[in-house]
Amino acid sequence: MTESAVAVFDRLYRAGVPERPVVLFDRACVVGGSIAGLLAARVLADHAREVVIVERDQTEPAAQPRTGVPQDRHGHVLLPGGLSQIERWLPGIAAEAEALGGYLAGPDQQVVYHDGREQALASGEAAMLLGTRPFLEARIRSRVLALPNVSTVSGQATGLAYDVGVSGVRCGDELVSAAFVVDAMGRASKLSAWLEKDGYERPRMRRVQTGINYVTALFERAESSWEQEIACVLERFTAQSMPFELTVAHLSVIEDDQWLVMLMAYGDHPAAKSIESFRSTCAELPPVFAKAAGGAVTRGIQTYHQADSRRRDFTGLSRFPARLVAMGDAVASFNPIYGQGLSSAAFHAACLSEYLVGEPDLEVPAAGFFALQEVVVDAAWAISAGGDAARQDLITGAEVPEDVRRQRWAMSQIIKATLVDKTVAAAFAAVTRMQAHPATLRTPEMLERALAANQR
Ligand SMILES: Cc1cc2nc3c(=O)[nH]c(=O)nc-3n(C[C@H](O)[C@H](O)[C@H](O)COP(=O)(O)OP(=O)(O)OC[C@H]3O[C@@H](n4cnc5c(N)ncnc54)[C@H](O)[C@@H]3O)c2cc1C
């Protein structure tokens, strides 16, 4: 019997580190030294005598924004699902981050609003790690690069070399030879173009239009009592609820006693114009936003536009080289309002570990890896791209097939019930925190419970 997606996801979520990993390669090479690349390197360090990460950006001084990751000026929460995965590979990292000024927010310090109404509290193993993106990335980098067999090469990868499968990474005239290669070049990865040029099949790209605009600013955080109680707030608005289409507002505690406040809209919104307009928008939100944005500005407004969510399908390709996989945003980059990217990269690392522990045939393409990874990508995609497609259809008035219409209606009932029913809220939170597969919400029992709660 084929294993269900729910079971595969759960197994990856709960897996431990390999007890007696077998060394399969002399050298493995990872292209891209950001979150996915660093976690890939950590997994490969168990199976290769040497792991080389090729990264084009300077990563020193640590914990600073950099050009290769333009989104790193904006809020990056590490969801509980991803945090537990990263703890598995780098034990003690959350405590270490906390000691350096990051913030581990327990369930009682996280508040979620839907259209201004607070969601029922969901407890459980649900700590999130808060800090700026460069801060979180620097913590992971310092731990991975401390491994004795992991090193970095500074340079821009320009293509691949091949033997039985991939045999190395080209950086201009230089060749980093490797018996296994990971593409972790992010959403603008050049892998597809390289493969096509070299006579292989290009993975199919799927896009869902998002057109989102992020506006972020940082503020001083004082020692007042309300600021000790709340660490992370998320407000989500449905399409009709805000006249200027603000869709998400988020604030979180970050290092150096600061608040990060982030406002997101589809299309333009006035908060981007000046710090005064940013504060006026905050004044229309639950009062914590105006309070946090009322402190002294420690970093002014930064903006970011993302046109689409995109995924590349690596399963079912007929001409694909052996000894090559892709991870992180290079495979799927989601609408960031769902905060799934870092956690997805961590799950991809779990897929890589399971694949390598199984001592696969390395003379054939890594189909087993891509099949596992597809389960994780589908799970995150169902939440983010599913939500965006529903929004697009609402705006354009598109005809929606009956089964999709029913699924969306059921999900709207479940979201509504999260405001009043703790069981539904907990199940929904486990999915949005990437601790459970979305299909766990699509059961008749869950819908019945949600409908009953909504009638009360
Ligand atoms: C506005 C915004 C907010 C977000 N908020 C969250 C959040 O709250 N929580 C969350 O989990 N996720 C969030 N994300 C998603 C997250 O940023 C990504 O999922 C994550 O960065 C993916 O990591 P990655 O390593 O796959 O790719 P990236 O972080 O994009 O890194 C790719 C790396 O590859 C390098 N590279 C590229 N090409 C080459 C080359 N040819 N040679 C050498 N090096 C190369 C780049 O320099 C870079 O270091 C957000 C995204 C955006 C846009």
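Predicted model: local features only at pLDDT ≥ 70, side-chain atom pairs only at ≥ 80, totals over all residues.
Modeller: Local features here need pLDDT of at least 70 and side-chain atom pairs count only at pLDDT 80 or more, while totals for chains, interfaces and linings use all residues. Residues are numbered from 1 along each chain as its sequence is written, and side-chain values use heavy atoms, without hydrogens and water.

Biologist: Why are α1 and α11 called roughly perpendicular?

Modeller: Helix α1 (residues 5–14) and helix α11 (residues 367–396) pack at an angle of about 100°, with their axes 10 Å apart. Angles of 65 to 115 degrees count as roughly perpendicular, under 35 as roughly parallel, over 145 as roughly antiparallel and the rest as oblique. The two helices are therefore roughly perpendicular to each other.

Biologist: Which residues of α1 and α11 meet?

Modeller: Contact means heavy atoms within 4.5 Å. Ala 5, Val 8, Phe 9, Arg 11 and Leu 12 in α1 meet Leu 372, Val 375, Val 376 and Ala 379 in α11. By class, this contact has eight nonpolar, no polar and one charged residues.

Biologist: What makes Asp 26 and Arg 49 a salt bridge?

Modeller: A salt bridge needs a side-chain nitrogen of Lys or Arg within 4 Å of a carboxyl oxygen of Asp or Glu. For Asp 26 and Arg 49 the N to O distance is 2.6 Å, and the pair is a salt bridge. Asp 26 is in strand β1 (residues 25–31) and Arg 49 in strand β2 (residues 48–55), 23 residues apart. Both residues are exposed.

Biologist: Are Arg 66 and Glu 55 buried or exposed?

Modeller: Both Arg 66 and Glu 55 are buried. Their closest N and O atoms are 3.3 Å apart, in a salt bridge. Both belong to a network of salt bridges that also links Asp 57, Arg 133, Glu 137 and Arg 141.

Biologist: Why does Lys 197 count as exposed?

Modeller: Its relative accessibility is 65%, so Lys 197 counts as exposed. Asp 198, with a relative accessible area of 27%, is therefore partly exposed.

Notes: Axes fitted to C-alpha atoms, helices over the stretch in contact; angles between N-to-C directions. Helix = DSSP H or I, 4+ residues; strand = E, 2+ residues; numbered from the N terminus. Nonpolar A, V, L, I, M, F, W, Y, C, P; charged D, E, K, R; others polar. Buried < 20%, exposed > 50% of the residue type's maximum accessible area, 1.4 Å probe, protein only.
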